[in-house]
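Please look over the chain shown here before reading on. The report goes from the whole fold to single residues.

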Amino acid sequence: MGDRRIPEDVITEVVLVADSTRSALDPNWPPAPPAKGALADKIAYWIQWKNDQFFGILRLLIPIFRLPKGGPVLVTRFKDVQEVLSRPDTFGVVYAPMMDKSVGPFMLARDNTVYNRRDKGIMRSLIDDKDHPEIRKRVSRIASKCIQQGTVDGTLELVASVTRRAPILLTGKYFGFPGPDVETMMRWSKATQLDMFHNQTMSGKVHDDSILAGREMWEYITNELLPKRRKQLRKNPERNDIVSRMLSTQCPAHIGWDEGRIVSNIMGLLVGGIETTSQAVIQIVDELLSRPKQLDGARQAALHGDEALFARYCWEALRFNPINPVVFRQCNQDYRLASGTFRTKLIRKGRVVVVGTRSAMEDPREVARPRKFRTNRPDYQYLHLGFGEHRCLGDGVSMVQVPEIVKQIVLLKNLRRMPGKAGQIDFGGGPFPERFSVMYDA
Ligand code: HEM
């Protein structure tokens, strides 16, 4: 007689879907689904708001889900997500129409070209892991000052006072791109992020704002920042921020690392690093506040100076609410995904591929007991900073910056949510956290 037991992964997936359905009963659960409308609208809603249930069902029943009539293909299992993100020649990025007009040709809008190979190589060599202790000190100072200045009678609105401001100040100090003032940097960062990564409805206004932000950044960097930094470098050749390192790097002309490339890559430091960091910090703090035991564990790790363990608390907390549920790619040639398995599917050239990074981090075939909060998972199971050719350029900086900002917040005495709506993340109808208030014993 054959083994009639239900396979382990089926049981785990069913429990996961049931579990995430319970959490969907939370009164703060987001907006009602579109009443009518195309299947595509419903799927966009499920991806955004019912991700765990929707992807949980797909992972089990249709792990590679091709929508009818040439629609997008949803990829849900960890191994398949990694396979897609490892094949940039086949599954290309889709950001060029938005990015090119704002920041010019950029590594994230190109696959297998000089823009990622040369530019990313040079930038990776300049953003040096040896800087991490210095970055930690700076972030710690910056974040605690932001907290002090933002606190009014023991209450603190985190987004405006800390989580957007702190990475902008670090961008000024460490990357060497301070901008004219913090408010302008916030506007440039938000306008570009909105268009490049969240303008699925192709709003003309959102696109125009991003082009304008790009033009303003270009003018500021070319006419103000670079001449000033060159002058400063002549006086003090030891200046060591990333813009100074970019200017001091001598490349022969045939390499093509010219002023245009320098300007474009400086813009990328702002575009990539502010809303992402802000959202990650806010969602980590939110998750920890919902888990008193883990909040206490994280605090103990911080108080004992165990940076590595504290960081694990952060990335694990973020796994329960990552900043992006998916990344998008386009299939450039017919390709058989998960070849040699029962779930294999042929993906035709031209199809948009929705790569379920959140779903992958919940796939019980790879991630043991995914609904459990664990601080001993292997690093490779976290896809917060992407995977493959386009893995985040700011990954090393973020691995220090994000936990360090979170640390300054969770160490506040008797930290708790503000009562009512103010103590819940307010997205203000957009994709980024706009307000989230906490209280502490100041
Ligand atoms: C918590 C903070 C951050 C998160 C969650 C994050 C996330 C990501 C992700 C998921 C990607 C890959 C996108 C894709 O594959 O389509 C990416 C790429 C990128 N990120 Fe970040 N990022 C963060 C912070 C930063 C910072 C501080 C910088 C500044 C250097 C930065 C610069 C970039 C750049 C330039 C790319 C493109 C890399 C390439 O195309 O090769 N990011 N980021």
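What follows is a short report on this predicted model.

## Overall fold

The protein contains 18 helices and ten strands. Along its principal axes, the C-alpha trace covers about 85 × 55 × 40 Å. A compact globule of 442 residues would have a radius of gyration near 22 Å, and the protein has 22 Å, so the value agrees with that expectation.

Buried residues make up 39% of the 442 in the protein. Among contacts with a separation of 6 or more, 68% join residues 24 or more positions apart.

Helix 13 runs over residues 259–273. The buried set consists of Arg261, Val263, Ser264, Asn265, Ile266, Met267, Gly268, Leu269, Leu270, Val271, Gly272 and Gly273.

Helix 6 takes up residues 114–126. From first C-alpha to last, its 13 residues reach 17 Å, close to the 18 Å expected at 1.5 Å a residue. Its buried residues are Asn116, Asp119 and Met123. These buried residues of helix 6 pack against helix 13.

## Helix 14 against helix 16

Helix 14 (residues 275–289) packs on helix 16 (residues 307–319) with the two axes 8 Å apart. The angle between them is about 90 degrees. Angles of 65 to 115 degrees count as roughly perpendicular, and helix 14 and helix 16 are therefore roughly perpendicular to each other.

Helix 14 brings Ala280, Gln283, Ile284, Glu287 and Leu288 to this contact, where they meet Cys314, Ala317 and Leu318 of helix 16. By type, the residues of the contact of helix 14 with helix 16 divide into six nonpolar, one polar and one charged.

## Ile64 in strand 1

Ile64 lies in strand 1, which covers residues 64–66. Is Ile64 buried or exposed? It has 21 other C-beta atoms within 10 Å, and the cut-off for a buried residue is 20 or more, so Ile64 is buried.

Leaving aside residues up to four places away in sequence, Ile64 touches Val73, Val75, Asp80, Leu337, Ala338, Arg343 and Lys345. Ile64 and Leu74 are ten residues apart in sequence, and their C-alpha atoms are 5.8 Å apart in space.

## Two residues with positive phi

Arg369 is not a glycine, yet it has a positive phi of about 40 degrees. Arg369 sits in the loop between helix 17 (357–360) and helix 18 (395–410). Arg369 counts as exposed because it has 12 C-beta neighbours inside 10 Å, and a residue with 12 or fewer is classed that way.

Asn414 also has a positive phi, of about 55 degrees, although it is not a glycine. The loop that holds Asn414 lies between helix 18 and strand 9 (416–417). Asn414 has 9 C-beta neighbours inside 10 Å and so counts as exposed.

Definitions and conventions: Residues are numbered from 1 along each chain as its sequence is written. This is a predicted model: local features need pLDDT of at least 70, side-chain atom pairs count only at pLDDT 80 or more; totals for chains, interfaces and linings use all residues. Helices (H or I, at least four residues) and strands (E, at least two) are DSSP runs, numbered from the N terminus. The expected span of a helix is 1.5 Å times one less than its number of residues. The radius of gyration is taken over C-alpha atoms; the globule rule is 2.2 Å times the number of residues to the power 0.38. Two residues are in contact if their C-beta atoms, placed from the backbone, lie within 7 Å. Axes are lines fitted to C-alpha atoms, for helices over the stretch in contact, and angles run from 0 to 180 degrees between N-to-C directions. Angles under 35 degrees count as roughly parallel, over 145 as roughly antiparallel, 65 to 115 as roughly perpendicular and the rest as oblique. Ala, Val, Leu, Ile, Met, Phe, Trp, Tyr, Cys and Pro count as nonpolar, Asp, Glu, Lys and Arg as charged, and the others, Gly among them, as polar.
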